[in-house]
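Hi everyone, thanks for coming. Today I'd like to walk you through the aromatic rings in one protein. Have a look at the structure first, and then we'll go through it together.

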Amino acid sequence: MSNDNKITTYSNNSYSLILELIRKYGELKQSDLVNLSGISKSRVSEILTELEKKGIIERKKLAGRNLIVRLSSRKFLTLGIIKAAEYPFIIPFIKLLKDRGYNVDVKVYNNGLEVTKDLSTGKLDMALSPVVTQLLFQKIFNNFKIIAGGAKGGGAILGEPSCNYIATTSLSSMEFWSLLYDPEASLIEFSSPEDMINAMRKKEVKKLSIWEPYVTILSNEGFRIIHTFEPLHCCTFAIRNGLDSEYFKEIYEQAFASFLSHKDRWIQDYSSIVNIDYQVLKKSAENYVFDSYLDLNEIRRNMRKSGILLP
């Protein structure tokens, strides 16, 4: 990944906390950041130095030794995604945003519920997360808009066909699709795919519903694919209220067109964002239908059939 693209990923909680505080207060002393964060003075200084080099924040010296910290005069956005093979199109999207003067911080989650929660509480500007959770949180908070699709399919049920329960992640598209596949299924909820996979490997669960690249990884390990879900939209693109939805949707559509014309190029760069082996990612991506068009009414109808969304 070229540093010129200004794409940053922060899995470290310290980075996320510092950025959240700067966004919250707009401008504050570096010493106040130390007090508010509870992070050591040296570590805060280290984080701020790196953020300053990347053009995300600015520091200016006041009288004495006080330093004031604020977001860069360049525009700054945070994008949340799930660790999945599903979003390689974000690479041209971020590049196009950079060309328009934005710095973009990409935050990778293991849990779609957490992505949507952070979007609804203002910790993210944009998110790609399960449409199931987005629709539910939108009804409660009404502070973000779902504006486009992403990829369809990419999920499957693996394990022992005779087992009468399915392990899945909470409030995810996998849970929704599992109920469409078998309305009488008993579901066991996990908070992350890693926990669910570990339980499968230890034979604590015998059947699970999961997305790519985990379908490919488990299949390569010898686990049987029982059912491949039909290509419905899994995750959708949403942005917080206050951002120009038409403007960002136009950029998003341009990025999609660029991705579809040069998939391998963008998948290579995307592999470093999500820390997934390129060959696994490339194979996994073949199991998605990439489509930015979105019909929310159709999704709502399917959700009501499964009993997830009340009429």
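Let's start with a quick one: the charged end of which residue sits over the ring of Y102? That would be K75, and its charged end is 4.5 Å from the centre of the Y102 ring. Please keep in mind that we are looking at a predicted model.

Now to rings meeting rings. The count here is 16 aromatic pairs. Let me show you one of them, F89 with F259: the centres are 6.3 Å apart and the planes make an angle of 70°, an edge-to-face pair. What I like about F89 and F259 is where they come from. F89 sits in the loop between β5 (75-82) and α4 (90-99), while F259 belongs to helix α10, residues 245-261.

F259 has another partner, F290. F290 is in strand β15, residues 288-290, and F259 is in helix α10, so here the pair ties together parts 31 residues apart in sequence.

And buried or exposed, for F290? Buried, at 10% relative accessibility. For F259 the relative accessible area is 0%.

F89, F259 and F290 belong to one aromatic cluster, together with Y87, F93, F237, Y252, F256 and Y288.

Key:
Residues numbered from 1 in each chain as written. Predicted model: local features only at pLDDT ≥ 70, side-chain atom pairs only at ≥ 80, totals over all residues. Heavy atoms only, no water. Phe/Tyr/Trp six-rings, centres within 6.5 Å; stacked < 30°, edge-to-face > 60°. Helix = DSSP H or I, 4+ residues; strand = E, 2+ residues; numbered from the N terminus. Buried < 20%, exposed > 50% of the residue type's maximum accessible area, 1.4 Å probe, protein only. Lys NZ or Arg CZ within 6 Å of the ring centre and 35° of its normal.
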